[in-house]
Amino acid sequence: MPAPEPRPEGVRASARPRYEWRLRELMAVRKNWYTTTKLTEALHAYGFDFDRSHIYRLVSGDKPPKMPVDLLLALCKILGCRFEELVVEAAPAQREVSQLPDQAGPRALLPESPMLDSGFFDAET
């Protein structure tokens, strides 16, 4: 059995879902926190003891470092949000959308005539 052909790096990277990390915005909107001090204290209450540089990377980065699920859950509880609000899927770039194949199959048809005739609601008939 032959070995599979290696994919170019561009193909592999473009297949990954793109997302936006919204921790900084949620801190400002939900808690009115503009520094990491209160987040550090809140995470400490959940058993996470991070130094200031780790918290800074967590908040300021476009893509956060790899993190355990329990940290994600703690952030959601602290900020009173859901995972979908913390990590938002980014819309694909316009050129990627144009490269998608046309959808095959039947398209929805609208009736050419009204579904109900004019006397349908007439109580006397």
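Guide: Buried means under 20% relative accessible area. Keep that cut-off in hand for this predicted model.

Visitor: Is C81 buried or exposed?

Guide: The cut-off for buried is under 20% relative accessible area. C81 has a relative accessible area of 10%. C81 is therefore buried.

Visitor: How many disulfides does a search of the whole structure find?

Guide: A disulfide needs two cysteine sulfur atoms within 2.5 Å. The cysteine sulfur closest to that of C76 is in C81, 4.2 Å away, so the pair is too far apart for a bond. C76 is itself buried, at 10% relative accessible area. Across the whole structure, the number of disulfides found is zero.

Visitor: Which residues of helix α5 are buried?

Guide: Helix α5 covers residues 69-79. Its buried residues are covered by elements including β1, α2, α3, α4 and α6. The buried ones are L71, L72, A74, L75, C76, I78 and L79.

Visitor: Which residue follows α5?

Guide: Helix α5 spans residues 69-79. The residue that follows has a positive phi, near 65 degrees. That residue is G80.

Visitor: How far apart in space are K31 and G80?

Guide: K31 sits in helix α2, residues 23-31. In sequence, K31 and G80 are 49 residues apart. In space, C-alpha to C-alpha, the distance is 9.0 Å.

Conventions:
Residues are numbered from 1 along each chain as its sequence is written. This is a predicted model: local features need pLDDT of at least 70, side-chain atom pairs count only at pLDDT 80 or more; totals for chains, interfaces and linings use all residues. Side-chain values use heavy atoms; hydrogens and water are left out. Helices (H or I, at least four residues) and strands (E, at least two) are DSSP runs, numbered from the N terminus. Buried means under 20% relative accessible area, exposed over 50%, partly exposed in between (1.4 Å probe, protein chains only). Contact means heavy atoms within 4.5 Å.
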